[in-house]
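Please keep the structure open while reading this note. Each point can be checked against it.

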Amino acid sequence: MTRPHLPPARLTELVDALVEQGWYLGEHFLPEALHAPLLAELETMASREALDAAGVGRGREHHLRRDIRGDAIRWLDRESLAQRRYLEAMGELQKALNQALFLGLFEYEAHFAQYPPGAFYRRHLDSFRGRANRVISTVGYLNPDWPADGEGEMVIFDEHDPDRELTRVRPEAGTFVCFLSDRVPHEVLPTRYPRASIAGWFRRNASLGGLVDPSH
Ligand code: OGA
Ligand code: MN
């Protein structure tokens, strides 16, 4: 077995926080060997105009809503070594989550996201209770030395009192956030500089009246 990307002690810390409060914030969680090549890849994609404006809603309900979210995305497709390594790290996390929490997670999907200056993502949940096949959300940040005046924090709100802020996450490279997709309201505040992240979701197959929830 090759060396794991994520230290077991950090995975334990993450699982404990998810159990206790439904969310986790870890600084210096992703090693530079994982996040630096991903930023390079994202910047290359952005310069080649290979990112698509992100929408809201699924399937036929998918619409562009610049008043709700302003990021540009590209789904990970395992084409680069950087992506495969990140997905291996998420595989380590999936194993830890399944072992500790019996979640039966079996799939992970993720996209690169770039928020240009001025872009934001209004408060939302990543899935809706009862309809959820997105179980756990992850966000990994890619910008080293995020400027002190950069703003663009991700705000996590109290699930029982969604106007109450619990924490603000600076989008600094290596920082990693994880939370229950159908419980934790969150928002991205307007950023002042191009802001790079990878948002991903561990899924469970939610079969609804014989229909399998489509992947995107
Ligand atoms: C999302 C999201 C947060 C971030 O893509 O659903 O909430 O900080 N992203 O990029
Ligand atoms: Mn979200």
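1. Basis. This is a predicted model, in which local features need pLDDT of at least 70 and side-chain atom pairs count only at pLDDT 80 or more, while totals for chains, interfaces and linings use all residues. Residues are numbered from 1 along each chain as its sequence is written, chains are lettered from A and ligands numbered from 1 in the order in which they are written, and side-chain values use heavy atoms, with hydrogens and water left out.

2. Metal site. Which residues coordinate the manganese ion (ligand 2)? They are His-124 (NE2), Asp-126 (OD) and His-186 (NE2), at 2.1 to 2.2 Å. Donors are N, O and S atoms within 2.8 Å of the metal (3.2 Å for Na, K and Ca); water is not among the atoms, so sites may look incomplete. The sequence spacing of the donor residues is H-x1-D-x59-H. Asp-126, in the loop between strand S7 (121-124) and strand S8 (134-141), and His-186, in strand S12 (residues 186-188), are 60 residues apart, and the pair links distant parts of the chain. Helices (H or I, at least four residues) and strands (E, at least two) are DSSP runs, numbered from the N terminus.

3. Asp-126 counts as buried because its relative accessibility is 15%, and His-186 is buried with a relative accessible area of 4%. Buried means under 20% relative accessible area, exposed over 50%, and partly exposed in between (1.4 Å probe, protein chains only).

4. Ligand 1. Ligand 1 is surrounded by 13 residues, and the closest are His-124, Tyr-141, His-186, Arg-195 and Ser-197; the cut-off is a heavy atom within 4 Å. The side-chain distances are 3.0 Å for His-186, 2.8 Å for Arg-195 and 3.1 Å for Ser-197.

5. Cores. A nonpolar core is a set of buried Ala, Val, Leu, Ile, Met, Phe, Trp, Tyr and Cys residues joined through side-chain atoms within 4.5 Å. The largest has 38 residues, of which Leu-14, Tyr-86, Leu-97, Ile-136 and Phe-176 touch the most other members. Elements supplying at least two residues each include helix H1 (8-21), helix H2 (32-47) and helix H3 (81-101). H3 gives the most, with eight residues. Another core, of nine residues, lies apart from this one and includes Val-169 and Phe-179. In soluble globular proteins, nonpolar side chains tend to be buried together.

6. Helix H3. The 21 residues of H3 should span 30 Å at 1.5 Å a residue, and its end C-alpha atoms are 30 Å apart, which agrees. The expected span is 1.5 Å times one less than the number of residues. Among the buried residues of H3 are Tyr-86, Met-90 and Leu-97. The cover over the buried residues of H3 includes H1, H2, S6, S8, S11 and S13, where contact means heavy atoms within 4.5 Å.

7. Positive phi. Most residues other than glycine have a negative phi. His-28 has a positive phi near 50°; this residue lies in the loop between strand S1 (23-26) and H2 and is exposed, at 65% relative accessible area. Phe-102 also has a positive phi, of about 50°. Phe-102 lies in the loop between H3 and S6 and counts as exposed, at 72% relative accessibility.

Terms used
A polar contact is a pair of N or O atoms within 3.5 Å; within protein, one must be able to donate a hydrogen and the other to accept it, and residues adjacent in sequence count only if both atoms are side-chain atoms.
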